[in-house]
Every structure is written in C-alpha cells, then in structure tokens.
Amino acid sequence: MILFFDIDGTLWDYKNYIPESTKLAIKKAQENGHHCFINTGRARAFVHDKDLLSIGFDGIVSSCGCMIEYKGETLFNRVIPKEDAIRTIEAVKRHGFKAILEGPKYLYMDRSDFEGDMYGEKVMREMGENLLGITDNWGNWEMNKLSCDCTSPTRDQCFEEIGDLYNYILHTDTIVEMVPKGFSKGTGVLEVCKLLNEDPRNTMAFGDSINDKEMLETAGIAVAMGRSSDETKALADFVTSNLEDDGIWKAMNKYQLI
C-alpha cells in the first residue's frame, strides 16, 4: 500500500511538533512493505525541516501535485511558464495582493509586504537564504504555485482575470492558495501510483483541511485527523484522534499496517 501524509495539522502541529508515535508508525509501515509519501501543498523549498525529513519518507509530493520525488530523485516538476508567471504577478500586484511564490528551491516574497505578519515572519525566519524577493528577481522566478494575502475589494475580479490558469483554495476570506489547473494533491496520488505501478485503490491518505480534499477523495482509504474541519471529516472513511494523541498510529494500527 502507498500511504500519503499531509504535513501541517497531520504530521506536525503549528509548533512543528511530531509525535514519536507518528515516526514509529511510519517506520513500522515501511518495514511491512508499505511506501510512505509526504503529500503537501507546501512547495518543495518549504519542506526542509531536518526532524521531518529524518523520518525517512520514500518520496515527497509537493506544491499540490506539481512536483514528485521518489527515493531522492525528482520524477516530475511542473514549473509555471515564464509568460504565465509574469501575467500572474502583474495581476495580483495590480489588485493589491501580497504574494508568496513557491518553487522547488526558493520562495519569493517582498519582505516589506509581510513585516509584522505572523506567517510572513515565520517564512522569513525558516527560509533564510532560500527566500528571495519578487521585485528584485522580476520574471526570473521558478515557481510551481503561489499563495496570497488577498485583502482587496477587487479580489474576485483578480480571480476572474487569471482564472484560466488557476484553481483557488480559500483558507480564509483573505488567504488564497493558487494552484495551476489540472493539479492537486489528488493528481499527485494518481501520478505516484502510475510511477510505482500501483492501483489507486491500494492507497491511504491522511489529512485535516480543505486543501486535502482531492487527496482524500482519490485515496482508497481516507483518514481525517481529529481536529479536522467538518467538511474534511465528511470525506473520511475513518476519523482518528488528534495528532498529538497518536492519531496516525491509531489509524495505521486499525487498518493493520503496523
């Protein structure tokens, strides 16, 4: 079986705490012949925590299915074409959005846009030299997707202008994830199955939020974490306990994977 794990709210909490039971469950599942993949909306550049990566995942699906790695090798990487990228950034800036461009190696943001912003400060702190400016690197971004603070009276107009390029995941009224059309965590599951010659029905996915929707719908078995939104729980075959209460361990034990 191939197992897919969201990161935020699933593998770890907002303080980046990963339960020891989660690490042990993944190790035991691998020892029993199962493949374990991260499947995250984060760009690969923002998946670099040593404690997370030391778990030893077989592969990583990042940027909502836009990039796939297996055993350290990049098998797929869809970067937004330069012409589309410039059109996108011109549009979001024209409508007053504050953008973070997300790529395989770098994130791009204009620091002045996010001074004093809790998430922006976290990105600045964690990315270090792998955080570049948008304006300073105009047109030379390598990005798979982007996220924006879209506090703007013309938000919906902007969405319409570039709606041929993106699907929009609204996390709040003001935070949007912009994913290239045709890609999702669900397409990531299917692509991994194709690459590993596995039936998609022989998969299990773990998630907690709305951007896990397609992954949970695609997987053979969908597990929602205990603190998931009601909408996410409705997609699940099983709702486990909170992550800090051994939620992943309990679900994998229930399905006799460990």
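Predicted model: local features only at pLDDT ≥ 70, side-chain atom pairs only at ≥ 80, totals over all residues.
In strand E11, Val-176 is the bridge partner of Cys-148. The two strands concerned, E9 (residues 145–149) and E11 (residues 175–180), pair in the antiparallel sense over 4 bridges.

- Strands E9 and E11 belong to an open sheet of 6 strands, which has the order E8-E7-E6-E9-E11-E10 and mixed pairing.
- Strand E8 (131–132) and strand E10 (166–170) stand at the edges of this sheet, and because each has a single partner strand, one side of each is left without a neighbour in the sheet.
- Helix H3 (residues 82–94) packs on this sheet, where it touches strand E6 (98–102) as well as E9, E10 and E11, and the direction of H3 makes about 5° with that of E9.

- Another open sheet is formed by 8 strands in the order E5-E4-E3-E2-E1-E12-E13-E14, and the pairing here is mixed.
- Its edge strands are E5 (73–77) and E14 (238–239), each of which pairs on one side only.
- Strand E4 (residues 67–70) runs antiparallel to E5 and is joined to it by 4 bridges, with Tyr-70 standing opposite Glu-73 in E5.
- Strands E1 and E2, by contrast, pair in the parallel sense, again over 4 bridges, and the bridge partner of Phe-5 is Ile-38 in E2.

- Phe-37 lies in strand E2, and Phe-37 counts as buried because its relative accessible area is 1%, where the cut-off is under 20%.
- The C-alpha atom of Phe-37 is separated by 4.8 Å from that of Gly-59, although these two residues are 22 residues apart along the chain.

**Helix H1 and its neighbours**

- Helix H1 (residues 20–31) has 12 residues, and the distance from its first C-alpha to its last is 17 Å, close to the 16 Å expected at 1.5 Å a residue.
- Ser-21, Thr-22, Lys-23, Ala-25, Ile-26 and Ala-29 are buried in H1, and the buried residues of this helix pack against strand E1 (2–5), strand E2 (35–39), helix H2 (50–53) and helix H9 (247–254).
- The axes of H1 and H9 come within 7 Å and cross at roughly 30°, which makes H1 roughly parallel to H9, because angles under 35 degrees are counted in that way.
- In this contact, Ser-21, Thr-22, Leu-24, Ala-25, Ile-26, Lys-28 and Ala-29 of H1 meet Ile-248, Trp-249 and Met-252 of H9, and the residues of the contact divide into 7 nonpolar, 2 polar and 1 charged.
- Just after H1 comes Gly-33, which takes a positive phi of about 95°.

**Two loop residues with positive phi**

- Asn-197 lies in the loop between helix H6 (185–196) and strand E12 (203–207), and this residue has a positive phi of about 55° although it is not a glycine.
- Asn-197 counts as exposed because its relative accessibility is 72%, where the cut-off is over 50%.
- Asp-246, found in the loop between E14 and H9, is a residue other than glycine with a positive phi, its value being near 65°.

Note on methods:
Residues numbered from 1 in each chain as written. Heavy atoms only, no water. Pairing = 2+ DSSP bridges. Expected span 1.5 Å × (residues − 1). Buried < 20%, exposed > 50% of the residue type's maximum accessible area, 1.4 Å probe, protein only. Contact = heavy atoms within 4.5 Å. Axes fitted to C-alpha atoms, helices over the stretch in contact; angles between N-to-C directions. Parallel < 35°, antiparallel > 145°, perpendicular 65-115°, else oblique. Nonpolar A, V, L, I, M, F, W, Y, C, P; charged D, E, K, R; others polar.
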